[in-house]
Amino acid sequence: MERIGDAIDLRLLDDWQRDFPLDPRPFAVIGEAVGCSEADAIRRISALSASGRITRVGATCAPNTVSASTLAALSAPDDRQEEVAEIVGRQPGVNHSYLREDHWNLWFVATGPDRDHVNTSLETIRQETGLTVLDLPLVRPFNVDLGFRLRGSSQRTPLARPVDLTRLRDGDRDILQALTTGMSLCNRPFAEIGKPLNRSEKDILDRVSDLQAGGIISRLGVIVRHRALGWRSNAMVVWDIPSDRIDQAGPALAAHPGVTLCYERRPAPGVWPYRLYCMIHAQSRRAALETLTAASRLPELERVPFKTLFSNRCFKQTGAMIARQGAAA
């Protein structure tokens, strides 16, 4: 891990990746907990953001609940990687884009308010690049929390809450978009969310609380940039496993120490047979491979072929697109 020498900064990064205070003045609550003033907490978090250690303070949402998304991949020729990555990155809703070690080397996540928006983004990328796009939609998540413990022993990821979409109300998508984009680092960030929506601070807090209780908001807090904090050896591992074995293999893999994401995706017949995916974020390639070796020995993954795709460059990392652009204006 890149050394964070200040104890308060370390606590701000480590202790507040989830369970962000639902309080009119959340940074005052955080400051009191870590031993600093509200103003100092805001200043420190702003500095950590400016240094690239924090992506945002905000929310992640349960996948494919209030919006649509898919994992996609291209095979970009060596002399076109920059060009293709630029085309991919400028599409509205593309929120993650990585170069990985494989024939299918440019991987990205396309998000949007609905599947039609995602389809349009993929078609635009096909037309502008002239390349085949693999479309690998999520079937079911096993672990998509992606929190990183920076000190002490590893911490088991909290179990995902069941998603109750009956809690969703008109206007909630605009609140979720604001949270996913990132809250203002100020005294009353929930009031700031409410201003352009003509909604009160109390209304925003009530809705965020309800959306959390319904599992629609899966995590609310500090979203760290893992590469800037030392997790630079990141491998996506894909497993060619029969669908009837995933019920047992998915939860076992998700619970394995060092596995930071795990989910099932729809394969691309004849091109990409892999159904089960996991991410391993580690501080060295050797550590990542050690985690993978141990995971491959799980009884549920016995004799299952797999492929390892290390990432070697991040082109884009932002929050997902939930509301249509301009909807909250």
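Student: Where is the place of Thr55?

Tutor: Thr55 sits in strand S1. Keep in mind that this is a predicted model.

Student: Is Thr55 buried or exposed?

Tutor: Look at the relative accessible area. Under 20% counts as buried. Thr55 has 17%, so it is buried.

Student: Which residues does Thr55 touch?

Tutor: Skip residues up to four places away in sequence. Thr55 then touches Ile223, Val224, Arg225 and Gln317.

Student: Where is the place of Ala73, and is it buried or exposed?

Tutor: Ala73 belongs to strand S2, residues 68-74. Its relative accessibility is 0%, so Ala73 counts as buried.

Student: What does Ala73 touch?

Tutor: Again leave out residues up to four places away in sequence. Ala73 touches Trp104, Leu106, Trp107, Phe108, Thr132, Val133 and Leu134.

Student: How do I read a separation along the chain against one in space?

Tutor: Take two C-alpha atoms and compare both values. Ala73 and Ile193 are 120 residues apart along the chain, and their C-alpha atoms are separated by 34 Å. Leu165 and His103 are 62 residues apart in sequence and 39 Å apart in space, C-alpha to C-alpha. Now try Arg207 and Gly171. They are 36 residues apart in sequence and 9.6 Å apart in space, C-alpha to C-alpha.

Student: Where does Leu165 lie, and how accessible is it?

Tutor: Leu165 is in the loop between strand S6 (138-143) and H6. At 43% relative accessibility, Leu165 counts as partly exposed. Beyond residues up to four places away in sequence, Leu165 touches Thr65 and Ile216.

Student: And which helix holds Arg207?

Tutor: Arg207 is in helix H8, residues 201-213. Its relative accessibility is 11%, so Arg207 counts as buried.

Student: What is Arg207 in contact with?

Tutor: Set aside its neighbours within four places in sequence. Arg207 is in contact with Arg167, Leu168, Arg169, Asp172, Ile175 and Arg199. Two of these names, Asp172 and Ile175, return among the buried residues of H6.

Student: What covers the buried residues of H6?

Tutor: The cover includes S1, helix H7 (189-194), H8 and strand S7 (217-224). Thr55 is in S1, and Arg207 is in H8.

Student: Which residue follows H6?

Tutor: Gly182 follows H6, and its phi is positive, near 130 degrees.

Student: Which residues other than glycine have a positive phi?

Tutor: Asp19 is one of them, with phi near 60 degrees. Asp19 is found in the loop between helix H1 (7-15) and helix H2 (26-34). At 60% relative accessibility, Asp19 counts as exposed. Arg303 also has a positive phi, about 60 degrees, and is not a glycine. Arg303 lies in the loop between H10 and S11. With a relative accessible area of 74%, Arg303 is exposed.

Student: How do I read the length of a helix such as H10?

Tutor: Compare its span with the one expected at 1.5 Å a residue. H10 covers residues 285-296 and has 12 residues. From first C-alpha to last, H10 reaches 16 Å, close to the 16 Å expected.

Student: Which residues of H10 are buried?

Tutor: Ala288, Thr291, Leu292 and Ala295 are the buried residues of H10. Seen down the helix axis, they fall within an arc of 100 degrees, so they line one face of H10. Here is the general idea. An α-helix has 3.6 residues a turn, so residues three or four places apart point the same way.

Student: What covers the buried residues of H10?

Tutor: Their cover includes strand S8 (233-239), helix H9 (246-254), strand S9 (259-265), strand S10 (276-282) and strand S11 (306-317).

Student: How do I read a pocket?

Tutor: Ask about its space, then its lining. The second largest pocket holds about 230 Å³ of space. Its lining has 18 residues, and Gln177, Thr181, Thr318, Gly319 and Ala320 lie nearest its centre.

Student: Which elements supply the lining of the second largest pocket?

Tutor: Strand S1 (54-61), strand S3 (94-100), helix H6 (172-181) and S11 each supply at least two residues. H6 gives the most, with 3 residues.

Student: What is that lining like by class?

Tutor: It has 5 nonpolar, 10 polar and 3 charged residues.

Definitions and conventions
Residues numbered from 1 in each chain as written. Predicted model: local features only at pLDDT ≥ 70, side-chain atom pairs only at ≥ 80, totals over all residues. Heavy atoms only, no water. Helix = DSSP H or I, 4+ residues; strand = E, 2+ residues; numbered from the N terminus. Buried < 20%, exposed > 50% of the residue type's maximum accessible area, 1.4 Å probe, protein only. Contact = heavy atoms within 4.5 Å. Expected span 1.5 Å × (residues − 1). Arc of directions from axis to C-beta. 1 Å grid on protein atoms, 1.4 Å probe; cavity = no way out; pocket = protein on both sides within 12 Å on 5 of 7 lines; lining within 4 Å. Points joined across faces, edges and corners; volume = space filled by probe spheres on them. Nonpolar A, V, L, I, M, F, W, Y, C, P; charged D, E, K, R; others polar.
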